[in-house]
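Dear colleague,

Please find below the structure that I am handing over to you. A summary of the findings follows it.

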Amino acid sequence: MNYTHFSCCKIAMLSGIALSVLMLGACNEKPDNPGPTPTSNKAGLISDQDKLDMIYSLVDLEGDKGRIYEMTYTVDYKLEEALDANIVGTTSLVQFTMQHLMDRIPGKNTSLSFNASCSVFACTDPATNNFLMGRNFDFNHKDKNGERVMIPAIVVHTAPVGGKKSVSFVDGQFINYKSGFYTDGESDLSMLMALPYLLLDGINEDGFAISVLKLDGKPTRQQEEGKKNIFTTVAMRMLLDRASTVNEAVEMLKQYNMWMDDDPASYHYFMADATGDYAIVEYVKNDPLDSDEYPTKMEVLKGKDAWRFVTNFYASPSMSDSPDGSLHSKHGKDRYNILSANLAASNYKLDSSQAMELLRKVAQGPESELSTGFTQWSEVFNLSKRTVKMSILREYDKSFEFGIE
């Protein structure tokens, strides 16, 4: 399994995890063929040699900065078991990881959280007719003293037996890994086993891409009889492994009860594919003004220019009167208006450089104090070519590219 290496929105999820384990760039900055990054850090919950080999294959793409790593996930992450495991939140996702992907169980309980603010859009390259998806992942990690915590971005390649190859992107701080964690001499590396289920966005070999963005209000709690429950990121993993198009992804989601965290937040998906199709998938309320009601109805918004882009309020007309809907919410409204104006002015046609420039315009800088107000990475997915161009920390003069072969 070889992947091409190029220099080039929960989920914020799984932060605050406590494991009882042994105390438990510029394009030309990346080497042409970077090798595994040496580390003395342990993986105290892992004994299987194939898993250890995978964990110790992690590559620091900038050599020694600890800001962006890449891994090819080569062992079975047991998706079918995950779909049968009644994963209904971050706690049960960690339990699944411990029981099915690790070799030892820690002695202490674990805790999880899930959060993210983002901007995303779909457009067409006017010169090549390639279909693109632009995406900012924004989250402002702070420590107990209010100081910003710098994260590692982790690029994860997967190639499941019988499934589709993909590349996805993880915020390492959601499993308590700070920038430079891999070689800090302290961090236990066992939780890297959960990477396939920590994705915030990704693309597969057929050019289907998906991202997740935060909504305010009650979390989704579907309870239709006869359907299995599925958690936000487990659904994303399923879709990258099995869906070729937006339509296929929508039909797969309909087969499950979406169940999200206990946090006062929900999430919606933006997805696009190599045919040029795109959609926003939301879970909405019967009564948008009932603050005690949980969203239970799946809505799919597609086919209109107004649904080519989305930020952090409900796009569905049925939720417009909600405090978290388009008429009243301020969460991401300024970014939404910038996306709307720029995409309309270009007739929804941007090349890759112009798409990245639009992401720069809606990026959130260090002056923001919002929990969801700091751009960790910006990506332009080329759905036609199955590639991703990525810049981290608003360093738009530097980029990394990733592809699937």
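Does K361 count as buried, partly exposed or exposed, and what is its relative accessibility? K361 counts as partly exposed because its relative accessibility is 39%; buried means under 20% relative accessible area, exposed means over 50%, and partly exposed lies in between, with a 1.4 Å probe and protein chains only.

Before the other findings, a note on the basis of the values. The model is predicted, so local features need pLDDT of at least 70 and side-chain atom pairs count only at pLDDT 80 or more, while totals for chains, interfaces and linings use all residues. Residues are numbered from 1 along each chain as its sequence is written, and side-chain values use heavy atoms, with hydrogens and water left out.

The protein as a whole

The protein has seven helices and 20 strands; these are DSSP runs numbered from the N terminus, helices being H or I of at least four residues and strands E of at least two. Of its 405 residues, 60% count as buried. The accessible surface comes to about 15500 Å², and carbon and sulfur atoms account for 45% of it; such areas come from the Shrake-Rupley method with a 1.4 Å probe, and for residues only the protein chains shown count as cover.

Surroundings of K361

K361 lies in helix α7, residues 352-361. Setting aside neighbours within four places in sequence, K361 is in contact (heavy atoms within 4.5 Å) with I338 and N342. K361 and L339 are 22 residues apart in sequence, and their C-alpha atoms are 8.6 Å apart in space.

Surroundings of Y396

Y396 is found in the loop between β19 (387-392) and β20 (400-403). With a relative accessible area of 23%, Y396 is partly exposed. Beyond its neighbours within four places in sequence, Y396 has contacts that include N136, M356, L359 and R360. Between the C-alpha atoms of Y396 and W377, which are 19 residues apart along the chain, the separation is 9.8 Å.

Helices α4 and α5

The residues of α4 that meet α5 are A235, M238, L239 and R242, and their partners in α5 are E248, A249, M252 and L253. By class, this contact of α4 with α5 has six nonpolar, no polar and two charged residues; Ala, Val, Leu, Ile, Met, Phe, Trp, Tyr, Cys and Pro count as nonpolar, Asp, Glu, Lys and Arg as charged, and the others, Gly among them, as polar.

With kind regards
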